[in-house]
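Student: Can we go through this structure together? I'd like to see how each answer is worked out.

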Amino acid sequence: MSQAEMRYFSTRGGSETLSFEEAVLTGLAPNGGLYIPTHIPSLPSDWQTSWSNLSFPDLSFEILSLFIPRSVIPAEDLKSIINTSYSTFRSEKTTPLRQTGEKEWVLELWHGPTWAFKDVALQFLGELFRYFLERRNGVLEKEGKEEREELTVVGATSGDTGSAAIYGLRSKPSITIFILYPDGRISPIQEAQMATVPDENVHCVAVENSDFDTCQSIVKTLFSDKEFNSTHRLGAINSINWARILAQIVYYFSAYFQLPQKARQSGDIQFTVPTGNFGDILAGWFAKKLGLPMNHLVVATNENDILERFFRTGRYEAEEDTAGQAPETAAVNGSSDGQQATSAGGSSVKSTHSPAMDILLSSNFERLLYYLALETLETPSKDEVEDRSRAQEKLNGWMNELKKNGKVDLGEKIKEAAGKDFWSERVSDDQTLEEIRKYYKRQDHGPYVVDPHTAVGLAATERSQKKSPNSYWITLSTAHPAKFSSAVELALNSQQFPEFNFRETVLPDELKKLETLEKRVHKVSGEQGVRELIERVKKGEKVVPGEGKGSI
Ligand SMILES: Cc1ncc(COP(=O)(O)O)c(C=O)c1O
Ligand SMILES: N[C@@H](CCOP(=O)(O)O)C(=O)O
């Protein structure tokens, strides 16, 4: 199949396919499914040589072109979108690779405007939205029509997506943005990054007594409400939006090209990814399917370990069924280290030192499940569309069971199929702090201060190395340590590390400045509160958010 025919369909069924533009602007499919490409494209036969010295934007152009037909975005326009997106990054390499051991590297993904990996995709998505809306509105204007297309972006965040989305969309015409986050459960800097942006089109919404899953579920409910969605023309910035995954594929290739030749030639490269909503690691899986040589992707979770348990047991269940399980496994849920499960929003998500990964149900896992369903069809036919529909049916069954019972047993066959590409590790809060200390104390390639999410990844890498000691390892570093002062200061506390000064050595001036700025936050209660706020703002009512200076 040629690149020009690339389209997108929902994981949950329906024979309809959408263009890239429609899939990006729609975000979540009306049947609740996520959009995926009709096929995995082929890499050019000489990609290993012809792409090896490309800059990040040029590499991005090559990879994105495999998924975006020229009829949807002409080459020159795509180049311009990409160049604008990555001109905001502080590193010349955009996502530089830093060596941390003889056969170990860390891929630093936080050199963008909000110091987190989300910038890579959200700077791009912001530019895409601007491009599509300008083009559509240009056509309406030419036709002499009065109406204009507008997008009401509604997103959920456990801290990082929100600020990256706001920085990606803040000055864009025809876009209003509402970011929902669990009140009191994100770090002070994350909140300040979002709430100090003064632009009129930005609305920060702290949802009372909630967790990330509650916020994510409100977003999905609003998208599935046909009337609300069409009235406000909702747009998605979370990784349910295919463009987010697509943009993130690029840095796996970039990391590969930054490795020394010996490592590349070994063919034995492993990637570890701190994981929550499963978007970042799914991008790595697409890179593997495209043909990037890699062995496994290690899913590194914190104590919210539903994914780690799936890859170990084949069961996907919010609450662990401890009956009949090994004692050390049962202790996980019983909070062996004294951490109590919290019950905001009625769920059992725990508050951990890596809060951006405090997630129970990972949206993008559905995309992987679709492919696992397809791969394990009992009697695959030669008909692509028929197989697609059988996989969608299987997936629907699983999703319905999950919705009804809060769990689904996917079985041994699916577990085995997933195990070909993924390993998984669960890292406790204590281990996270220990890992931050370990990297700080390192004489070789150090001292290196890492954020708690990166620390979860590094701890998972260390454990996985025992399974494959000769491999080359790349751990994704997903945020700058400045964003998570409480965990970093707890790990590098003044009793043990009197010389360490967070403010002086870690906190960039740009983030220090946030302390002096006014914060604007709407506090709301539940889905109804969110609906009402959106309705009022969209009607043109001036809704005054709570104000006050924040200290970081
Ligand atoms: C710092 C950080 N690390 C890791 C993750 C997990 O990434 P994903 O949700 O794509 O699995 C997130 C949030 O998504 C994050 O903000
Ligand atoms: N950790 C994320 C949660 C949202 O995930 P997304 O990748 O689907 O946007 C955050 O920082 O908000």
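Predicted model: local features only at pLDDT ≥ 70, side-chain atom pairs only at ≥ 80, totals over all residues.

Student: Let's start with a record. Which residue does UniProt list for "modified residue: N6-(pyridoxal phosphate)lysine"?

Tutor: The listing comes from an unreviewed UniProt entry. The residue sits in helix H5, which covers residues 118-142.

Student: Is Lys118 buried or exposed?

Tutor: Count the C-beta atoms around it: Lys118 has 33 C-beta neighbours inside 10 Å. The cut-off for a buried residue is 20 or more. So Lys118 counts as buried.

Student: And which residues does Lys118 touch, not counting those up to four places away in sequence?

Tutor: Lys118 is in helix H5, and we skip residues up to four places away in sequence. What's left is Asp160, Thr161 and Ala164.

Student: Now the ligands. Which residues come nearest to ligand 1?

Tutor: There are 16 residues around ligand 1. By class, they split into 7 nonpolar, 7 polar and 2 charged. The ones that come nearest are Asp160, Asn277, Gly279, Ala356 and Thr478.

Student: Which helix gives the largest share of the shell around ligand 1?

Tutor: Look for the element that supplies 3 residues of that shell. It spans residues 279-290, and Gly279 is among the residues that come nearest to ligand 1. The answer is helix H12.

Student: What about ligand 2: which helix gives the most to its shell?

Tutor: Ligand 2 has 14 residues around it, with Thr157, Asp160, Thr161, Asn238 and Ser239 coming nearest. The helix we want covers residues 160-169 and gives 3 residues to the shell. That's helix H6.

Student: How many residues in the shell around ligand 2 are polar?

Tutor: Sort the shell by class: 2 residues are nonpolar and 1 is charged. The polar residues number 11.

Student: Next, helix packing. At what angle do helix H18 and helix H19 pack?

Tutor: Helix H18 covers residues 429-441 and helix H19 covers residues 452-465. Their axes are 8 Å apart, and the angle is about 90°. That makes H18, relative to H19, roughly perpendicular.

Student: Which residues of H19 make that contact?

Tutor: On the H18 side you'll find Gln431, Thr432, Glu435, Ile436 and Tyr439. By class, the whole contact has 7 nonpolar, 2 polar and 1 charged residues. From H19 come Pro452, Ala455, Val456, Leu458 and Ala459.

Student: How far apart in space are Glu462 and Arg264?

Tutor: In sequence, the two residues are 198 residues apart. In space, going C-alpha to C-alpha, the distance is 20 Å.

Student: Let's look at some backbone angles. What is phi of Thr94 near?

Tutor: Most residues other than glycine have a negative phi. Thr94 has a positive value instead, and it lies in the loop between helix H4 and strand E3. Its phi is near 65°.

Student: Is Leu410 buried or exposed?

Tutor: Leu410 lies in the loop between strand E12 and helix H17. Leaving aside neighbours within four places in sequence, Leu410 is in contact with Gly314, Tyr316, Trp398 and Lys415. Because it has 22 C-beta neighbours inside 10 Å, Leu410 counts as buried.

Student: Last one. How far apart in space are Glu208 and Ser71?

Tutor: Glu208 sits in the loop between strand E7 and helix H8, and with 14 C-beta neighbours inside 10 Å it counts as partly exposed. Glu208 and Ser71 are 137 residues apart in sequence. In space, C-alpha to C-alpha, they are apart by 45 Å.

Notes:
Residues numbered from 1 in each chain as written. Chains lettered and ligands numbered in written order. Near = placed C-beta within 6 Å. Helix = DSSP H or I, 4+ residues; strand = E, 2+ residues; numbered from the N terminus. Nonpolar A, V, L, I, M, F, W, Y, C, P; charged D, E, K, R; others polar. Axes fitted to C-alpha atoms, helices over the stretch in contact; angles between N-to-C directions. Parallel < 35°, antiparallel > 145°, perpendicular 65-115°, else oblique. Contact = placed C-beta atoms within 7 Å. Buried ≥ 20, exposed ≤ 12 C-beta atoms within 10 Å, placed from the backbone. UniProt positions renumbered as here; feature names shortened; annotations may be inferred.
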